[in-house]
Amino acid sequence: MTNLKNQTQAQVEKTRSVKPEFMKAIDDVIADARKFEQGGNAIAVGEEVPDFTLPNAKGEGVLLSQLLGSGPVIITFYRGSWCPYCNLQLRAMQSRLDEIHALGAELVAISPEIPDESLTKTEIDGMSFPVLSDQDAKVAEKFGVAWEVPDVILEHMRKDRNLDLADINNGNGSTLPIPATFIIDRDGVVQWRFVEVDYRVRAEPDDIIEVLSRLDLKEANLLLDILS
């Protein structure tokens, strides 16, 4: 199976061949963002995350601390269902969900889209993990991954894709999360993170599984120490 990095790179090259000027503009935006270390304030490994409640795709509130009661939680911030890179990422994570659950963890995906627009009913039924709506990007801001979207991207969305963030995100027309993934242990502490301002690059599921395996082994050893 092709890994996520190869899939997203193929999407980059596809778009670059069709819209070379736009992709060059995006390259410049990303270079600028790196210069100012956007994403540099993201919650670090070893830090505790803030608790939150967000609505799922059916409008039901989901509480992070409640999920953590059952084991580690993977939180993935994504831009929205309109983003092809996000869709590649979510499908890749869905394909590894059995392994994630076998290691005692849960996956949660968060975007600013309103609950009834973030996924179609068919897509919702096909996802075996919560897809949550952070409409005003306040949770993304607490995690340090909220990003004021550059005009070149907003213009591309409006002109080339006929997309209006304010409509998609119920009034939030300028802020998206930096695509970021956090692995949080039962105590609410970040054990691993992937934060990348270049939305075309995503956390690799293999790396996530590896970290969860180490956490699972650590918990098993602690249990053996307690029982011995």
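Mentor: Welcome! Let us start with T8, which lies in helix α1. This is a predicted model, where local features need pLDDT of at least 70 and side-chain atom pairs pLDDT 80 or more, while totals for chains, interfaces and linings use all residues. Residues are numbered from 1 along each chain as its sequence is written, and side-chain values use heavy atoms, leaving out hydrogens and water.

Trainee: Why is T8 called buried?

Mentor: T8 has a relative accessible area of 4%, and buried means under 20% (exposed is over 50%, partly exposed in between, with a 1.4 Å probe on protein chains only). T8 is therefore buried.

Trainee: Which residues does T8 touch?

Mentor: Leaving aside residues up to four places away in sequence, T8 touches Y85, L88, R200 and R202; contact here means heavy atoms within 4.5 Å. Y85 and L88 also belong to the α4 side of the contact between α1 and α4.

Trainee: Now the strands. How do you know that β8 is largely enclosed?

Mentor: Five of the five residues of β8 (residues 180-184) are buried, so the rest of the structure largely encloses this strand. Both faces are covered: A180, F182 and I184 are buried on one side, and T181 and I183 on the other.

Trainee: What makes β3 and β8 a pair?

Mentor: Two strands pair if DSSP finds at least two bridges between them. Strand β3 (residues 73-77) and β8 are joined by five bridges and run antiparallel, so they meet that rule. T76 has T181 as its bridge partner in β8, and I74 has I183.

Trainee: How is β8 paired with β9?

Mentor: β8 and β9 (residues 190-195) pair over five bridges in the antiparallel sense, with F182 opposite R193 in β9. The two strands form a hairpin with five residues between them, and G188 in the turn has a positive phi of about 80 degrees.

Trainee: Why is β9 called an edge strand?

Mentor: The open sheet has five strands in the order β5-β4-β3-β8-β9, with mixed pairing. β9 and β5 (131-133) each pair on one side only and are the edge strands.

Trainee: Last one: what makes N172 buried, and where is it found?

Mentor: N172 is found in the loop between α10 (165-168) and β7 (175-177). Its relative accessible area is 11%, so N172 is buried. Among the residues N172 touches are P112, Q135 and D136. N172 and P112 are 60 residues apart in sequence, yet 7.9 Å apart in space, C-alpha to C-alpha.

Note on methods:
Helices (H or I, at least four residues) and strands (E, at least two) are DSSP runs, numbered from the N terminus.
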